[in-house]
Amino acid sequence: MPDIMENSAELKKQNQLLEVWKSLKKNRLAVFGLCLTILLILVAIFADVIAPYDPYSNDLANTFCYPCRAHLFGTDNMGRDQFSRVVYGARISLLVGISTSLFGMIGGIILGSIAGYYGSHTETVIMRAMDIFMAIPGTLLAMSIMAVLGQGVGNTILALGIGAVPRFTRVVRSAVLGVKGNEYIEAAQAIGASSFRIITKYIVVNSLAPIIVQTTMNVASAILAATSLSFIGLGVQPPTAEWGSMLSAARPYIRDYGFLVLYPGLAIMATIFGLNLFGDGLRDALDPRLKN
Amino acid sequence: MAPLLEVKGLKKYFKTGSGLLHAVDDVSFSIEKGTTLGIVGESGCGKSTLGRVILHLLEPTDGQIFFEGRDITRVNKKELHELRKDMQIIFQDPYSSINPRMTVKEIIEEPLIIHNMYKSADERRHRVQELMDTVGLARRLGNAYPHELDGGRRQRIGVARALSLNPKFIVCDEPVSALDVSIQAQIINLLQDLQRELGLTYIFITHDLSVVRHISNEIGVMYLGQMVEKTNARELFKNQLHPYTKALLSAIPVPDIHNKSKRIILRGEISTPIDPADECRFSVRCNHACEQCRKGQPQLVEAEPNHFVACKRWQELKGRMEADAPMEV
């Protein structure tokens, strides 16, 4: 008997997801975005199966080879297979994008829910600190942090993650303010729930929709920011196969071998496009006001 | 016998941009164990605030609260945690007072977990089922989410949650005003049954006069943060001393086509509770206000045995209001 009851609880949770999925499915652009994103994830996971060559092995006899059957996207100045490098680049981009967003999300949830729940001076201190962070242009902030910490994938994630925290904090705070006015928060206080319990079990779980949307959208902007950092020579360092650093490395040869920038550029564009479409669709699907 | 709950000179002021809002202003009363005190008044008269201050959901500005003879006006975190077991609240809106992300079972179980009432999860589950039976919720609904249930069932969840800690005293903050009439009766009967079985004491806050008459032993009428009249339920409906109570009760429709009852229409709007002047707060709308009403606030006095009224002219008016009542029809 208890088993059946547990199962039905599981089913209900699935039903909620099913509803979101149903309304997402109606949005064709969002589904297209989701497909692009899933494709990217699959490419990243199966990079070693898909890539025909080692992305780091030089072939100096075969530099600047135009796209052909042997080298789909051509080869670069070191004779490395561009296609393999783009495929491997998906791993880095995805890693940076997702880790950065998770970092921002966790930081934002902690700071935003504290600010929103406690209000008054606590809120003022946290939100004004976030305003200060937001006043600094994102790239500049990331550059300064990287200048202190040094380059590399880990530090890129950290730098971009710190930069993402203020935006998440704002989103979480506004969601928390909306949830806090509900009587069930007062009811939780009346039964003696601690502030920690109220924040985690009552407030955050009821503010998840905008947080999820913000996280999805942030993956795209983080990937873009990471490639920009690599392009200007901070961030991920060559010879690591990363789209931004590939663009940067190909910069001297744009005039003669335009395909060198074309494919990494297209990869970046497709990824951002897919994630943004999906994020937009997700926001519409999760927003109950837009439901028919 | 000492009353279960006693409130003396309770005040709750809120700071606002334009001044001090007197939500509850110098309210005193006591409730005997096992009885119900009804609090009536129009929107914004501070009746909900009063209930929340007693439960320490809001901190009182001034005054004293005694529970079982113990002063609980200022309590520390630990004392408050213990106090929560004895004093509970049922909210007005069953749609917003329960967490939409928890199942029925989880909602009722929550207070038991927080207060560590049972050692094993099995005992706790057993207690949850017991509570669901008590309030008339089918056990099969245990894993349902609130949005799948109707208002009456949701309010039953609210009642079960309030009961779970075995409280002695419950503030019912308009528990039926969001429900439709047939469901109202069910919930009220449930509350009355529970009172009989468990010896509960209620403060029943409402603006529905027929409900309050049905359920209360004593009734307090509030106007702009103050208690203007308080007596037992039967006396209040028979013999009102305060002009406001009189006007309020004259608004009850009588289902009789031949009964031409005189409705007392009050002029104007309720005046602002922000920095009120030192005068009878009802005087601006009162048909009987005179010079002395504008000078100083009237005290709540025992006009007749166990009949309290805060009006300076109650004696003069007692006869007059009955005789030359045709104020406005």
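In chain B, the side chains of B:D86 and B:K168 meet in a salt bridge, with N to O at 3.9 Å; a salt bridge here is a side-chain nitrogen of Lys or Arg within 4 Å of a carboxyl oxygen of Asp or Glu. B:D86 lies in helix α2 (residues 77-86) of chain B and B:K168 in the loop between α5 (151-163) and β7 of chain B, so the pair ties together parts that are 82 residues apart in sequence. Helices (H or I, at least four residues) and strands (E, at least two) are DSSP runs, numbered from the N terminus. B:D86 counts as buried at 18% relative accessibility, whereas B:K168 is partly exposed, with a relative accessible area of 30%. Buried means under 20% relative accessible area, exposed over 50%, and partly exposed in between, with a 1.4 Å probe and protein chains only.

The model is predicted: local features need pLDDT of at least 70, side-chain atom pairs count only at pLDDT 80 or more, and totals for chains, interfaces and linings use all residues. Residues are numbered from 1 along each chain as its sequence is written, chains are lettered from A and ligands numbered from 1 in the order in which they are written, and side-chain values use heavy atoms, with hydrogens and water left out.

Strand β7 (residues 169-173) of chain B is mostly covered, with five of its five residues buried. In a regular strand the side chains alternate between the two faces of the sheet. From β7(B), B:F169, B:V171 and B:D173 point one way, and B:I170 and B:C172 point the other way. On one count of bridges, β7(B) pairs with strand β6 (residues 87-90) of chain B in the parallel sense over four bridges; two strands pair if DSSP finds at least two bridges between them. The partner of B:I90 in β7(B) is B:C172. Five bridges also join β7(B) to strand β8 (residues 201-206) of chain B, again running parallel, and there B:I170 has B:Y202 as its bridge partner.

Strand β4 (residues 62-67) of chain B pairs with β5(B) over two bridges, and B:F66 has B:D71 as its bridge partner in β5(B).

Further along chain B, B:K230 forms a salt bridge with B:E218, the closest N and O atoms being 3.0 Å apart. B:K230 lies in strand β10 (residues 226-232) and B:E218 in strand β9 of chain B, so the pair ties together parts that are 12 residues apart in sequence. Both B:K230 and B:E218 are buried.

The rings of B:Y223 and B:F282 have their centres 5.1 Å apart and their planes at 80 degrees, so the pair is edge-to-face. Both B:Y223 and B:F282 are buried.

Turning to chain A, its secondary structure comes to 12 helices and zero strands, and buried residues make up 46% of its 292 residues. Helix α8 (residues 183-190) of chain A is mostly covered, with seven of its eight residues buried; A:E183 and A:E186 are among them. A:E183, A:E186, B:R52 and B:D173 are linked in a network of salt bridges.

Technical notes:
Rings of Phe, Tyr and Trp (its six-membered ring) pair if their centres lie within 6.5 Å; planes under 30 degrees apart count as stacked, over 60 as edge-to-face and the rest as tilted.
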